[in-house]
Amino acid sequence: MSLNECLGITTPAVSAGGNGSPGEIDGPETARAGILSVIIPAYNVSAWIERCVESIEGQGDVVKEIIVVNDGSEDRTEDVVRRLQDRYENITLINQNNQGLFYARIHGVCQALGDYVTFVDADDYIESDTYRKILPVMIEKQADILEFGVRKVKDGNVLYEFIPKSSQCNGDEAIRRMLERDGSICSNWNKIYRNALFLNSKFDENIRMYEEDKLINVKVMARAKQVISIPLAGYVYETREESITTKAMTKDYLSVLDSNREIYRFIKKEKPSLSKIAGRDFCARLVFCFISLREMGLKQHEISVIKKELKKEFRLIYKREKTGSYRPESESKNRTYMLSLFRLSPAMAEMIYRMGRYFRLLR
């Protein structure tokens, strides 16, 4: 069954500048031309998407195609992409109604012809020669997934760098490291994937945004035999005020629980040896949402109803997975403390959070 059939969707109408057969690999030392499909989800990014596309076009001939999934933009994003299509023959534009990041990424994968796929957010960009440097390593190691570093910037200033250590492991260990934040992050955009990992995989969850990338990672990592990391910061994450990750928290943030709930269910069924890890990570998300409800602009009666549901789900997972008996070595002391405190007194955990002593503990 194809990925499209698993999704239950038909192939969307596309506007493309060129045709070609799937890319090929010429050996363990070098990457032949046209093996990588780059997928760009785009929503109201007309001011940034040209810079993003230009940075990818500058990666050399390893890039087979750029697939822009316009997720119902209300600005001039589509016009900018069509102008870029006049300049470059390898750009495909997919227009869809606004469905969120999850389906934008998956719809892009449905169209990908390269042997490898990666994702770039439209307001970010790639450092020069990044893909040309790291793809040969991925091929030589026969890796299914490669993770590389990221640099977070704002107004030209570097705010943060994540540079993973050089390592290799199997898919189960990759899931553990990601969920425990043990030298790995949950983003899709700092990873390259073998396209075959997505084939015959089912991505039909009702997910829009917030850690949807972690759900995608868990599902493909579960099928991966070899996952490698290299210490190269090639992805530049641009922080801006109106982006999803920096705007004020609203009720929409509660959708982070949908993603993590699906992750827990999937792991419980497909990778039961990892369920304790997934359960603890899910509990941390439940706690963070509980103590953050007052910041989401909700009415008091809404807060009361949601709190009751979150406490019930937390207690169920905490007890089922014996969460209190397991603490990852990489877990922060603050997260450990808040999980233990919430089990004893959710009200006390919220009070401490609201006092600001442990602000942003579980993010």
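I take buried to mean under 20% relative accessible area, exposed over 50%, and partly exposed in between, with a 1.4 Å probe and protein chains only. Under that definition I looked up Asn260 and found that Asn260 is buried, at a relative accessible area of 3%.

**Basis of the entries**

I note that this is a predicted model, in which local features need pLDDT of at least 70, side-chain atom pairs count only at pLDDT 80 or more, and totals for chains, interfaces and linings use all residues. Residues are numbered from 1 along each chain as its sequence is written, and side-chain values use heavy atoms, with hydrogens and water left out.

**Overall**

I looked up the secondary structure and found 12 helices and 11 strands; helices (H or I, at least four residues) and strands (E, at least two) are DSSP runs, numbered from the N terminus. The protein has 363 residues, of which 56% count as buried. Its accessible surface comes to about 16,500 Å², and 47% of that belongs to carbon and sulfur atoms; the areas come from the Shrake-Rupley method with a 1.4 Å probe. I count a contact where heavy atoms lie within 4.5 Å. Among contacts with a separation of 6 or more, 80% are between residues 24 or more positions apart.

I place Asn260 in helix α8. Leaving out residues up to four places away in sequence, I find that Asn260 touches Glu211, Lys214, Asp281, Phe282 and Arg285. Asn260 and Lys214 are 46 residues apart in sequence, with their C-alpha atoms 8.2 Å apart in space.

I then looked up how α8 (residues 255-270) packs on α9 (residues 275-292): their axes come within 9 Å and cross at roughly 165°. This makes α8 roughly antiparallel to α9. The axes are lines fitted to C-alpha atoms, for helices over the stretch in contact, and the angles run from 0 to 180 degrees between N-to-C directions. Angles under 35 degrees count as roughly parallel, over 145 as roughly antiparallel, 65 to 115 as roughly perpendicular and the rest as oblique.

The crossing of α8 past α9 is left-handed; a crossing has that hand if the near helix is turned anticlockwise from the far one by less than a right angle, and is right-handed if clockwise. From α8, I list Val256, Leu257, Asn260, Arg261, Tyr264, Ile267 and Lys268, which meet Ser275, Ala278, Gly279, Asp281, Phe282, Arg285, Leu286 and Cys289 in α9. By class, this contact has 8 nonpolar, 3 polar and 4 charged residues. Ala, Val, Leu, Ile, Met, Phe, Trp, Tyr, Cys and Pro count as nonpolar, Asp, Glu, Lys and Arg as charged, and the others, Gly among them, as polar.

I followed α9 to α11 (residues 333-344), where the axes come within 10 Å and cross at roughly 75°. That makes α9 roughly perpendicular to α11. Arg280, Asp281, Cys283, Ala284, Arg285, Val287, Phe290 and Ile291 in α9 meet Arg335, Thr336, Met338, Leu339 and Phe342 in α11. I find 8 nonpolar, 1 polar and 4 charged residues in that contact.

For α9 and α12 (residues 346-354), the axes come within 9 Å and cross at roughly 65°. The two helices are therefore roughly perpendicular to each other. The crossing of α9 past α12 is right-handed. Here Phe288, Phe290, Ile291 and Ser292 in α9 meet Pro346, Ala349, Glu350 and Tyr353 in α12. I count this contact as 6 nonpolar, 1 polar and 1 charged residue.

I place Phe119 in strand β5 (residues 116-119). Phe119 is buried, with a relative accessible area of 0%. Beyond residues up to four places away in sequence, Phe119 touches Ile39, Arg105, Val109, Asn188, Trp189, Tyr193, Phe198 and Tyr235. Trp189 is 70 residues from Phe119 in sequence and 4.7 Å from it in space, C-alpha to C-alpha.

Helix α4 (residues 101-111) is mostly covered, with 10 of its 11 residues buried. Arg105 and Val109 are among the buried residues of α4.

**Positive phi**

I find phi near 60° at Glu211, a positive value in a residue other than glycine. Glu211 lies in the loop between β10 (191-194) and α7 (212-221), and is buried, with a relative accessible area of 15%.

Gln142, also not glycine, has a positive phi near 55°. Gln142 lies in the loop between α5 (130-140) and β7 (145-154), and counts as exposed at 61% relative accessibility.
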